[in-house]
Amino acid sequence: MIQVVDNMVSISAVKVKSYAIRVAFAEFLGTCILIIFGLGSVAQSVTSHAAYGDFTTINWAWCMAVMIGILISINVSGGHINPAVSLAMAMIGRLKWTLLPVYMLAQYLGAFVGASIVYLVYFEAIENYSGGVKLTDPTLANSTAGIFSTYPQEFLSATEGVADQIVGTILLVLPVMAITDRRNADVPKFLVPVLAGLTVFVIGAAYGYNCGYGINPARDLSPRIFTALAGWGTEVFSFRNYNWFWVPIVGPHIGAILGAFIYIFLVELHWDSEEELSHDFVLVDNETTANSNFGTEETTPLLAKNYIINSNTKDGFED
């Protein structure tokens with residue numbers, strides 16, 4: 001229904017009330033923006049022969065991309081924008097298993113659309129750089145498949161690649177668990193995207209050399225599928241006799257789960273009491289506050305299990 005209120009048009013008919021659909025929209029858009037900025041920085045650097053970007057600028061771009069992606073989606077879905085994170089949250093009971101497919105589908109679709117947009121914008125630059133030949137092997141001159149997905153250094157084995165991705169994703173999820181734990185540093189909500197983005201930056205700065213720190217299956221698989229369809233062909237999967245494409249998918253899922261459990265077992269389980277939270281916040285049971293601080297209990301997948309944080313004073317997030 002289209003209504004006119006105080007000379008302004010209100011299109012109430014398009015407002016989505018389904019929580020699952022709202023989550024899907026938020027994760028789709030957040031992941032799409034993540035890929036647009038992240039892959040865009042790689043495309044700019046590669047096609048300009050590093051005249052307009054290098055490894056440092058790419059790290060900063062991914063940092064800001066994560067920050068913006070989370071900002072877009074945090075108050076709706078928790079700002080996962082990463083299937084490995086969503087799986088870890090489900091494993092530790094902070095995301096309903098019934099919602100996990102919704103999160104993952106939205107993330108993979110968002111990443112695919114993001115890769116498509118980057119290709120559209122940089123199509124002529126890629127053609128100019130590659131001479132119109134779409135090459136996959138990163139050791140070949142003018143190879144461009146690496147703009148969209150991660151490929152290993154020539155010396156890196158698949159086993160070491162899996163270890164790299166597991167460690168990298170542990171180093172992503174473990175700090176995020178700490179950042180969102182109110183009993184720890186009590187980070188203000190508006191700083192969560194900033195610190196998550198900086199976490200990605202430092203991972204890239206320290207562990208980006210081996211294989212490009214994928215640490216996000218949607219960031220790697222969806223653009224890989226896109227490149228297979230856009231002219232690079234099946235070699236994006238058959239590279240190294242099909243012994244690479246699965247590495248940045250399997251490794252991050254394992255690493256995310258380990259990162260979450262490591263934090264829980266070494267830190268979170270050992271808080272003495274609820275009073276250790278900042279005095280500005282109280283713990284409220286989810287079951288009695290279905291429409292409290294962040295809308296519904298499902299909207300707090302990164303907060304303490306079975307609880308949400310409810311401010312004693314209005315802070316702009318309450319309904």
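# A chat about a predicted chain

Q: Where is alanine 43 found?
A: Alanine 43 is in helix α1, which covers residues 19-47. Keep in mind that this is a predicted model.

Q: Is alanine 43 buried or exposed?
A: Alanine 43 counts as buried, because its relative accessibility is 0% and the cut-off for buried is under 20%.

Q: Which residues does alanine 43 touch?
A: Leaving aside residues up to four places away in sequence, alanine 43 touches Val118, Tyr122 and Ile147.

Q: And how far is alanine 43 from phenylalanine 148?
A: Their C-alpha atoms are separated by 8.0 Å, while the two residues are 105 residues apart along the chain.

Q: What about phenylalanine 148 and aromatic clusters? Which residues are in the cluster?
A: Phe148 belongs to one aromatic cluster together with Phe112, Tyr119, Phe123, Phe226 and Trp232.

Q: How many aromatic pairs turn up in the whole structure?
A: A search of the whole structure gives twelve aromatic pairs. One of them joins phenylalanine 237 and phenylalanine 245.

Q: How is a pair of aromatic rings described?
A: By the distance of the centres and the angle of the planes. For phenylalanine 237 and phenylalanine 245, the values are 5.2 Å centre to centre and 75° between the planes. That pair is edge-to-face, because an angle over 60 degrees counts as such.

Q: Is phenylalanine 245 buried, exposed or partly exposed?
A: Phenylalanine 245 is partly exposed, because its relative accessible area is 23% and that class lies between 20% and 50%.

Q: New topic: helices α7 and α8. At what angle do their axes cross?
A: The axes of α7 (residues 217-232) and α8 (residues 235-242) cross at roughly 105° and come within 9 Å. The two helices are therefore roughly perpendicular to each other, as that label runs from 65 to 115 degrees.

Q: Which residues meet there?
A: On the α7 side, Leu221, Arg224, Ile225, Thr227, Ala228 and Trp232 meet Glu235, Val236 and Phe237 of α8. The residues of this contact divide into six nonpolar, one polar and two charged.

Q: Back to the whole chain. How many helices and strands?
A: Nine helices and four strands. Along the sequence, the pattern reads β-β-α-α-α-α-α-α-α-α-α-β-β.

Q: What share of the chain is buried?
A: Of the 319 residues in the chain, 51% are buried.

Q: And the accessible surface, what does that come to?
A: About 14,900 Å², with 64% of it belonging to carbon and sulfur atoms.

Notes
Residues are numbered from 1 along each chain as its sequence is written. This is a predicted model: local features need pLDDT of at least 70, side-chain atom pairs count only at pLDDT 80 or more; totals for chains, interfaces and linings use all residues. Side-chain values use heavy atoms; hydrogens and water are left out. Buried means under 20% relative accessible area, exposed over 50%, partly exposed in between (1.4 Å probe, protein chains only). Accessible areas come from the Shrake-Rupley method with a 1.4 Å probe; for residues, only the protein chains shown count as cover. Axes are lines fitted to C-alpha atoms, for helices over the stretch in contact, and angles run from 0 to 180 degrees between N-to-C directions. Angles under 35 degrees count as roughly parallel, over 145 as roughly antiparallel, 65 to 115 as roughly perpendicular and the rest as oblique. Contact means heavy atoms within 4.5 Å. Ala, Val, Leu, Ile, Met, Phe, Trp, Tyr, Cys and Pro count as nonpolar, Asp, Glu, Lys and Arg as charged, and the others, Gly among them, as polar. Rings of Phe, Tyr and Trp (its six-membered ring) pair if their centres lie within 6.5 Å; planes under 30 degrees apart count as stacked, over 60 as edge-to-face and the rest as tilted.
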